[in-house]
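Please look at the model below before reading on.

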Amino acid sequence: MRLTMAQALIKYLNQQYIEVDGEQQKLFKGIFTIFGHGNVLGLGQALEEDSGDLEVYQGRNEQGMAHAATAFGKQNHQKQLIACTSSVGPGAANMVTAAATATANNVPLLLLPGDTFASRQPDPVLQQVEQPHDATLTTNDAYRPVSKYWDRISRPEQLMTAMLNAMRILTNPADTGAVTLALPQDVQGEAYDYPESFFKKRVHRLNRRQPTEDELRDAMALITSKRKPLIVCGGGVRYSEAGEALKSFAEIYQIPIAETQAGKSAIPSTHPYNLGGLGVTGTKAANQIARDADLIIGVGTRFSDFTTSSKQLFQNSEVDFLTINISDYHANKLDAVKVVGDARTAIELLDHLLVDYSAEHGDSIQNVKDEWQEELDRLYRIDFNSENYQPEIAGHLDHCLEEYKETLGSSLTQTAVIGEINHSIEEDAIIVGAAGSLPGDLQRMWVSRTPNTYHMEYGYSCMGYEISGALGVKLAAPEQEVYAMVGDGSYMMLHSELITSIQEGKKINVLLFDNAGYGCINNLQMGNGMDSIGTEFRKRDENSKKLNGSIMPIDFAKSASGYGVKTYSVRTMEELQTALKEAKNETVSTLIDIKVLPKTMTDGYDAWWHVGVAEESQKEAIQEAYRDKERQLEKARHY
């Protein structure tokens, strides 16, 4: 079949199918585009002439549209994807961050950036970065370290082997992530006689890999030798759709469960064995049980530093680790006994092998859950105007709270607002988040009652993912309400796909927490002995080298209304309740601009995070922070 390379690529994508547990569907739903020179006359021409079944979406920012595609794949449990194409140069560079986000989260993402001329005529082309030491380098080489597979199609016939390799990675849950195929603009338009067999229907089966009998025997022996195990429920549980199997396993053997950000909502938060989030952004209940556990059973988790509290959380001198993971790489962490296989399959096989075993936590599970419920109720009720009010991050910026209250015109606390939202929105609504203080508060406080309704990008914690991600989630789950939980810092960084949501008629709801700064990082610097610098949104004081003037008031609702978004400004709990109620009935995307006081988020709950602290300083507070870091390191594992 004589086709241009771009036409062949589109035709090939239309013939890819995925099969999971006997059910087939097309692998690619569509393609996000921002056309420019380098892709509009190649891939653009192919899509305009015959896009097949691919839906063509118009992005507003290349990073944003690729985040939306990542979120779509994540929410679909990797069963369906949306590809992305960009122009040469800055358009391509914009997607590098999104590639890293997908790869860090092990989410499949196909990126098709335009490239310079393979013929090198003209040279240099518009937007080309020239390197005098290497004429083969272009902007797209920046994708190499953040892609699981990278290729440059310098001749049209190279497309065939490249696509086979691309599909190998995109349909391999053990080693998936971003796949980047750099497409020189001249090659996109070059024709080749492709064999018809290249365009046959291809079915990629996500088979449930079974662990070996030896691995299962080792796991069984380790579990039965322990009295106080703890299960860590990771994102792999959701991708494997193993929530019910894991819940049953915990009930039968009376083993408590703690959640990672990616694993949250695989099992309802209200389940009697679910202790909630673990680690740096975890609950006190989960962290207390973790410190005493003699076995940590990680299911579908990569054991990030937040989950393990920088490897310092597990303090039992007899603690061992068992990992169940589709990836041999992740299963090998923490010197664990490993079971390499599909999460659901492995859990079900272990269940058949374990006989007459029961953990011995006694009343401790219910006791810590009861204590945490009391704390959760307190967080829901915190009111700045009450006599016993104290900031959750005690001692920081106390002298500024009245200033913030006056400038923002609000006395709302972040924890109380989250509690009201959790109470008010639909039980099957999906919340989306990524960065700042909100992921910590949400992992601790958010009560998920319906499976797969908590969508947190925390593998890369990429500011700007929230609204783009909400669009991708809405495309994946059009019948459910979707809420982007975003701070003012992340909102200003990237919210352009809000316009795409209106264009597509895919309503999303933006819950914008405005505390006039990068509050999470302000906590980090001040909690380690520093003064505030560059993290509050303050005007320049002409008599100072630092940004320490008055707080900048910003009307986010007014800016978003210009896009056609239905907006609300909220400064009281009553206004929040009204806005949430009205937003449910809107048919267009909404934005609720919520003014909240800084330092009203949750605190650490017996967790520690290893960050770089200055070894030398004139300030005693920083010296003490460094000494504390060294003390904590003595308690941490080093492999």
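This is a predicted model: local features need pLDDT of at least 70, side-chain atom pairs count only at pLDDT 80 or more; totals for chains, interfaces and linings use all residues.

Residues are numbered from 1 along each chain as its sequence is written, and side-chain values use heavy atoms, with hydrogens and water left out.

**Helix H14**

- Helix H14 spans residues 343-353; helices are DSSP runs of H or I with at least four residues, strands are runs of E with at least two, and both are numbered from the N terminus.
- Ala343, Thr345, Ala346, Ile347 and Leu350 of H14 are buried (buried means under 20% relative accessible area, exposed over 50%, partly exposed in between, with a 1.4 Å probe and protein chains only).
- The N-terminal end of H14 is capped by Asp342, which has a side-chain oxygen 3.2 Å from the backbone nitrogen of Arg344.

**Salt bridges**

- A salt bridge is a side-chain nitrogen of Lys or Arg within 4 Å of a carboxyl oxygen of Asp or Glu, and the count by this rule is 34.
- Arg205 and Glu19 form a salt bridge at 3.4 Å, N to O. This pair links distant parts of the chain, strand S11 and strand S2, 186 residues apart.
- Arg152 and Asp115 form a salt bridge at 2.9 Å, N to O. Arg152 lies in strand S8 and Asp115 in strand S7, so the pair ties together parts that are 37 residues apart in sequence.
- Arg152 is buried at 15%, and Asp115 is buried at 2%.
- Asp342 and Arg344 also belong to a network of salt bridges with Asp21, Arg208 and Glu348.

Conventions:
A polar contact is a pair of N or O atoms within 3.5 Å; within protein, one must be able to donate a hydrogen and the other to accept it, and residues adjacent in sequence count only if both atoms are side-chain atoms.
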